[in-house]
Amino acid sequence: MTAIDVTGARTPEAADMITGARERIDALDDRIIGLIQERVAVSAVIQEARITSGGRRVNLSREMDVLGHYRQALGKPGTALAMTLLELCRGKI
Ligand SMILES: O=C(O)C(=O)C[C@]1(C(=O)O)C=C[C@@H](O)C=C1
């Protein structure tokens, strides 16, 4: 397949531009995934400390703050993103 086929562009110039931008997106996605893995690890430390102290894994009032933070920054889809992040960090509830 040519670059034009793979990108869906109709000119070589547009295909080159899209190929370069996709490389940047792939690099950004790698960084985002790394940050998510870091968030999962930090969240696990918090949950472990709370459970060891006799508390519960989940803290709903804090989760409301996290959801509000993402919604404020990203709008309604931000809430869905935050819910997915919370599920990654503490499992399904
Ligand atoms: O901040 C906490 O108390 C956490 O446990 C972290 C975290 C999170 O990943 O943001 C995870 C589980 C809790 O229900 C609330 C928030």
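Which domains does the domain assignment of the chain give? This is a predicted model, and the assignment gives domain 1 (1-55) and domain 2 (58-93). The centres of domain 1 and domain 2, taken over C-alpha atoms, are separated by 18 Å. In the contact, domain 1 supplies 5 residues and domain 2 supplies 4 residues. On the side of domain 1 that touches domain 2, the residues split into 2 nonpolar, 2 polar and 1 charged.

Now turn to the ligand. Ser43, Ile46 and Gln47 are among the residues that surround the ligand. Val58, Asn59, Arg62, Glu63 and Val66 also belong to its surroundings. So do Leu86, Cys89 and Arg90.

How does the shell around the ligand divide by class? There are 5 nonpolar residues, 3 polar residues and 3 charged residues. With the class rule applied, Ile46, Val58, Val66, Leu86 and Cys89 count as nonpolar. Ser43, Gln47 and Asn59 are the polar members. Arg62, Glu63 and Arg90 carry the charged label.

The ligand shell also ties back to the domains. At least three of its residues come from domain 1 (1-55), and at least three come from domain 2 (58-93). Ser43 is one of the shell residues, and its number falls within the bounds of domain 1 (1-55). Arg90 is another member of the shell, with a number inside domain 2 (58-93).

Last, the confidence scores. The chain has a mean pLDDT of 97, and 100% of its residues reach 70 or more. The model scores are ipTM 0.99 and pTM 0.95.

Technical notes
Residues are numbered from 1 along each chain as its sequence is written. This is a predicted model: local features need pLDDT of at least 70, side-chain atom pairs count only at pLDDT 80 or more; totals for chains, interfaces and linings use all residues. A residue is near a molecule or strand if its C-beta atom, placed from the backbone, lies within 6 Å of it. Domain bounds come from an automatic or database domain assignment. Two residues are in contact if their C-beta atoms, placed from the backbone, lie within 7 Å. pLDDT is the predictor's confidence in each residue, from 0 to 100.
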